[in-house]
Amino acid sequence: MKSKFKLVQCELDGDWDNFINQSPNGAAFFQSDFIHNLGVPYHAYYCCKGNEKFAAILVITNSEGSAIVGHHDVIYDGIVHRDTKHLNTAQSHSEQFSVQETIAEFLAHNYNSVYLKLHPSILDIRSFLWVNYHNAGPTFTAIPRYTTCINISEFADEFISLENSQNYLNSSVSRRQEIRYGIKKGVVVTQSKQFDTFAQYYSLTMARQDIHIEQVAIEQLAQQLKNLAHCGRLIMFEAKTQSGETGSFASFLLHKDTAYYYYGANKPDMRDSHTGTAVIWQAMPVLAGLGIKKIDLEGINSPQRGWFKLSFGGDISPYFHLQLS
């Protein structure tokens, strides 16, 4: 049966950003300034019926535009549905299924391979799993991934004590201990624009994991964060010991009421200075003061870093990577 929807290729501009801002599936990774700053090849589409836009689609491609390959800095991509609050539940489910059915068939037909990383709010992926269900042809495989999100609304009350903080009480025993040590030992967290220093710390952090990063890539990372901060898309924090020595950095991408953990780094010889915990914990009240209600710590899929993020007591949310080979 011929679909009532069609995909129309588009540019990432002000109209695109307005659509992303109004969608329940929007995130910082879809915003035009983020993608343009990243400088990656991409294709963008609207899924339309007539002139009405029902969804936006962002895919990161190879240089030839023949395959959808994704990018490590673009944590969520793919589909962004329009706001369907004006529909009842059954109507919303039906519309989103039909839209995704059109998108799935289009991507399977127009790209040699596909790799999507859907936003955690997109739970129904049946339309992708049913591509070529009864036919000989390539099929999509779903790979479950996980992230942890922390509700920081309580920090809108700047005078909340540890004993009255649900986030503190939800944290692990070791994380609560680190939080107290950081406060007791005078660790101070402030907003920072020391992007070059951060990038050097990041290089040292990766080196501890036997990952070597070329100096040119370090300089590019510093410039990328600097550009994002300049356009108001990113905020970075710096944790210093009582003696004024910087031990840790953490940066967050901002979108509406959500902050997405982006890049962080620690000075290797200061791992016992409690700055690694403080730079996240003490950033929460500052973010809440900016109107942020939720922090997405962005992935708990690495054994090396997953438990640290979970120790802050956030909820676990699954999301899907989709691959078509």
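User: What percentage of the accessible surface of the protein chain belongs to carbon and sulfur atoms?
Analyst: This is a predicted model, and the values that follow are computed from it. The accessible surface of the protein chain comes to about 15,900 Å². The part of that surface belonging to carbon and sulfur atoms is 49%.

User: Which radius of gyration does the protein chain have, and how does it relate to the globule rule?
Analyst: The protein chain has 11 helices and 12 strands. For its 325 residues the globule rule gives 20 Å, and the chain comes close to that, so it is as compact as a globular protein of that length. The radius of gyration is 21 Å.

User: What share of the contacts with a separation of 6 or more is between residues 24 or more positions apart?
Analyst: Buried residues, those under 20% relative accessible area, make up 51% of the 325 residues in the protein chain. Among contacts with a separation of 6 or more, the share from residues 24 or more positions apart is 71%.

User: How far apart are the end C-alpha atoms of helix α7?
Analyst: Helix α7 covers residues 195–207, which is 13 residues, and at 1.5 Å a residue it should span 18 Å. The model agrees with this expectation, as the distance between the end C-alpha atoms is 18 Å.

Terms used:
Residues are numbered from 1 along each chain as its sequence is written. This is a predicted model: local features need pLDDT of at least 70, side-chain atom pairs count only at pLDDT 80 or more; totals for chains, interfaces and linings use all residues. Side-chain values use heavy atoms; hydrogens and water are left out. Helices (H or I, at least four residues) and strands (E, at least two) are DSSP runs, numbered from the N terminus. The radius of gyration is taken over C-alpha atoms; the globule rule is 2.2 Å times the number of residues to the power 0.38. Buried means under 20% relative accessible area, exposed over 50%, partly exposed in between (1.4 Å probe, protein chains only). Contact means heavy atoms within 4.5 Å. Accessible areas come from the Shrake-Rupley method with a 1.4 Å probe; for residues, only the protein chains shown count as cover. The expected span of a helix is 1.5 Å times one less than its number of residues.
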